[in-house]
Amino acid sequence: MCELFGVSSNKKIPLNALLKEFFSHGNEHPHGWGLAFFYGNSVSLEKQPEMSCTSSYLKQRLWAPVEADNMIAHIRLATRGITEYENCHPFVIRDKSDRAWTLAHNGTIFDCDEMNPYCKTQRGQTDSERILCYLVDCINQKLDELGREMTAEERFDLVDSFVCRVSPENKLNLLLYDGELMYVHTNYANSLHQCTKDETVIISTQPLNFDQWEPVPMNTLLAYRNGKPVFRGTNHGHEFFDSEEKMRLLFLDFSAL
């Protein structure tokens with residue numbers, strides 16, 4: 001599976017050591033890496049369709065000091081979509097109000113017919129990009145309905161409803177940032193962890209240092225603003241479990257890459 005890393009903090013914090021440890025896992029996730037840094041509603045996106053451990057660009061990037069208060073990183077183990085730039089996470093799409101939505105995903109969509117139309121319009125081939133395409137379309141529909149921009153609480157409620165609708169039968173580990181809120185969700189046991197201290201929360205698939213890490217609460221969307229928890233969503237109860245049939249489908253998808 002892919003790995004996720006994210007930060008929400010009330011101040012810029014040094015990230016070199018954590019990112020070097022995170023990207024060292026690229027040997028097991030060889031199909032690409034990505035970084036997204038946020039400056040208000042602007043997104044600085046850096047990604048390559050190659051192993052993070054062997055990327056000369058990434059090595060040089062992490063040689064200089066890296067600090068951020070909100071950011072997302074990803075290393076990719078492909079199950080759908082070939083190894084190319086357009087299939088590397090994170091993905092960014094702007095809604096009708098020009099708000100940038102940035103998503104990184106660890107998981108697989110097995111059952112969601114509503115996402116099928118986006119196969120024809122997305123830039124790459126991943127089901128992860130289709131999640132964001134579908135979500136932003138839902139956001140645009142709500143913006144049209146309201147005739148104004150959504151409040152933070154309205155955005156959270158929409159994403160919460162979306163997650164509850166999409167999570168059955170699907171593995172949905174997500175980091176999502178909307179320029180203000182960092183959304184976090186997992187429905188697969190022991191596959192996403194958090195470390196919280198000094199108004200900073202760090203999210204990672206695996207614990208990355210000797211600080212106190214704990215599993216992210218299951219089956220419940222969380223949202224942080226500047227390191228503080230601000231919203232907690234519905235416990236939808238749709239825990240994802242591996243099955244022989246799902247593993248067979250993944251194998252068939254992977255063998256076709």
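**Briefing: sheet, helices and rings**

An open sheet of 6 strands runs in the order 5-6-7-8-12-13, with antiparallel pairing. Strand 5 (91-94) and strand 13 (228-235) stand at its edges; each has a single partner strand, so one side of each lacks a neighbour in the sheet. Neighbouring strands are turned by 20° against each other on average, direction ignored. The model is predicted.

**Sheet and packing**
- Strand 6 (residues 100-108) pairs with strand 7 (residues 171-177) in the antiparallel sense over 7 bridges.
- Gly 107 has Leu 172 in strand 7 as its bridge partner.
- Helix 3 packs on the sheet and touches strand 5, strand 6 and strand 7. Its direction makes about 135° with that of strand 6.
- Helix 4 also packs on the sheet, touching strand 6, strand 7, strand 8, strand 12 (220-225) and strand 13. The direction of helix 4 makes about 40° with that of strand 13.

**Helix 3**
- Helix 3 (residues 127-146) has 20 residues, which at 1.5 Å a residue should span 28 Å; the end C-alpha atoms are 29 Å apart, in agreement.
- Gly 147 follows helix 3 and has a positive phi, near 75°.

**Aromatic rings**
- The structure holds 12 aromatic pairs.
- Phe 156 and Tyr 183 are stacked, because their ring centres are 6.2 Å apart and their planes stand at 5°.
- This pair links helix 4 (residues 152-166), which holds Phe 156, to strand 8 (residues 182-185), which holds Tyr 183, 27 residues apart. Both residues are buried.
- One aromatic cluster is formed by Phe 5, Phe 22, Phe 23, Trp 33 and Tyr 57.
- Lys 47 lies over the face of Tyr 85, 5.2 Å from the ring centre.

Key:
Residues numbered from 1 in each chain as written. Predicted model: local features only at pLDDT ≥ 70, side-chain atom pairs only at ≥ 80, totals over all residues. Heavy atoms only, no water. Phe/Tyr/Trp six-rings, centres within 6.5 Å; stacked < 30°, edge-to-face > 60°. Helix = DSSP H or I, 4+ residues; strand = E, 2+ residues; numbered from the N terminus. Buried < 20%, exposed > 50% of the residue type's maximum accessible area, 1.4 Å probe, protein only. Lys NZ or Arg CZ within 6 Å of the ring centre and 35° of its normal. Expected span 1.5 Å × (residues − 1). Pairing = 2+ DSSP bridges. Axes fitted to C-alpha atoms, helices over the stretch in contact; angles between N-to-C directions. Contact = heavy atoms within 4.5 Å.
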